[in-house]
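Morning, everyone. Please have the sequence and the structure open. I'll take a helix, then a strand residue.

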Amino acid sequence: MNIFDILGPVMVGPSSSHTAGAVRIGLITKKLLGSVPVKADITLSGSFGATGVGHGTDKALVAGLLGMDTDDIRIPESFDIAREQNMEFAFSKENIRDAHPNTALLKVEAASGRALEVQASSLGGGRVMINKLDGIQINVTGERPALIVHNLDQPGHVAEVTSLMAHKSINIATMNVYRDKRGGYAVMVLETDQNIPDSAIEWLKRVEGIIKVTRLNIGEEG
Amino acid sequence: MAYHSLKEIVDYCERRKVSFFQAVLEDDMEERKVTQQESMASMYTMWDAMLLASTAYDGSLTSASGLTGRQGALMEEYRKKGKTLCGDFISQVVAQALEMGESNACMKRIVAAPTAGSCGVLPAVLIPYYQMHQQEVEDIHKAVIESLYVAAGIGQVIASRAFIAGAAGGCQAEIGAASSMAAGALVYLKGGDNHQICHASAIAMKSLLGLVCDPVAGLVEVPCVKRNVTGAVNALAAADMALAGITSAIPADQVFDAMREVGEKMHVSLKETGEGGLAATPEGIRITKLLIRSH
């Protein structure tokens, strides 16, 4: 731990896990979606459901979806700001099976019609884990850039993605591949050391057999 | 490489003929690969955020649960009447600790030091000290920044030898750590030597060993807000004892190890689960049920 893990972060209270962590989950979800959602259905599970309102977990999640960071003093007013921006949001409580005690499931939709389902947990000290994307385990921390590609289970897609990364001089830190069944639906999850440029995303979207491309960049808008 | 014991810091100071503050600063420069200016700029940002959080206190607010609010304002009103038992300075410290704890509960911006729940301890002792000495000490701003390095160095050692999360080690790991850090910072500000800094941090931690984390309804409010007062006042007493030449029989590093052992042996119901201690009293349970129903 460096000294600014001890003194810091500057954050809106009251809880690093239930407030700051929740803001981060919302913010990462917004980045994965690519824009502020027009609609968000949020399920609070475990301790998020039990003590979430008192900790402002609900306001924190909406604040993150609006693009606010953990030290934004507008977090307590996030519901009003969301309404001004015509974001529809609703909360429900349900205990998600086999999930970490502090977990939220966010079903979000962008104006473009793009939709995502993000399940994430707050691990303490403001650190989070994106457990699932559209129901598939990805385990992305959001501390590094990430690229998630949904494609048909055909030969060559992994090579296309990795050679594109090589071409863009992006170093791959971790990579996992999954599929539901042979010849079915497959997912690649890459965590990288550099941000992934728009041009790479646009190129991937045009490749035949690639169904959906989702990206998380660090330290920038979008 | 981050220090793992206060002894390491003191040895480094003696070997390199530098102050406690410089030892922590140099380590940060090495650890994060930053210049002295960059490191100190980050620390100034933390201090500014503490001052800003203090001025942003709103005595009319209550938290979403309704459990906390207005206490800092009440204490300040009482202090201004000039009839407190504790005297003016300590009463300012008490008010400041309450205010910061309440601001946190009311979703205001604070500096986790080392955690959000214990965010009131360091500013509670440093801000009144800073205000009191603004006229007489030429570079009080710089001195306070340096004392924050001392606090951070102590906190780093506690995090490395034990823990700084209530869920891991109970309240002793949060308020205890904050108090120990604040005691060291105060001795530094008052010109005490490195050994006195270590004794103060040891004495502060010893006095809070075993403190459990038993928040009512799991919220960072009851008893957290008032425990920030305990941590702050305890730090002042520990610092004054060390400055008087009183020593801790058990060295600081061993006190931190004892904190870890106590934290590990502590029952899980007393570690931020909201299931034991004050949270499990009839009134604690009644409040919890009321909050669940109203939301």
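Start with helix α12 of chain B, residues 252-265. At 1.5 Å a residue, its 14 residues should span 20 Å, and the end C-alpha atoms are 20 Å apart, which agrees. The expected span is 1.5 Å times one less than the number of residues. Helices here are DSSP runs of H or I, at least four residues; strands are runs of E, at least two; both are numbered from the N terminus.

A word on the source: this is a predicted model, where local features need pLDDT of at least 70, side-chain atom pairs count only at pLDDT 80 or more, and totals for chains, interfaces and linings use all residues. Residues are numbered from 1 along each chain as written, chains are lettered from A and ligands numbered from 1 in written order, and side-chain values use heavy atoms, without hydrogens and water.

Which residues of α12(B) are buried? They are A252(B), D253(B), V255(B), F256(B), M259(B) and G263(B). Buried means under 20% relative accessible area, exposed over 50%, partly exposed in between, with a 1.4 Å probe and protein chains only.

Now chain A. S121(A) sits in strand β5, residues 115-124. It is buried, at 1% relative accessible area. Its contacts (heavy atoms within 4.5 Å) beyond four places in sequence include I25(A), H100(A) and T103(A). The C-alpha atoms of S121(A) and T103(A) are 4.2 Å apart, though 18 residues separate them along the chain.
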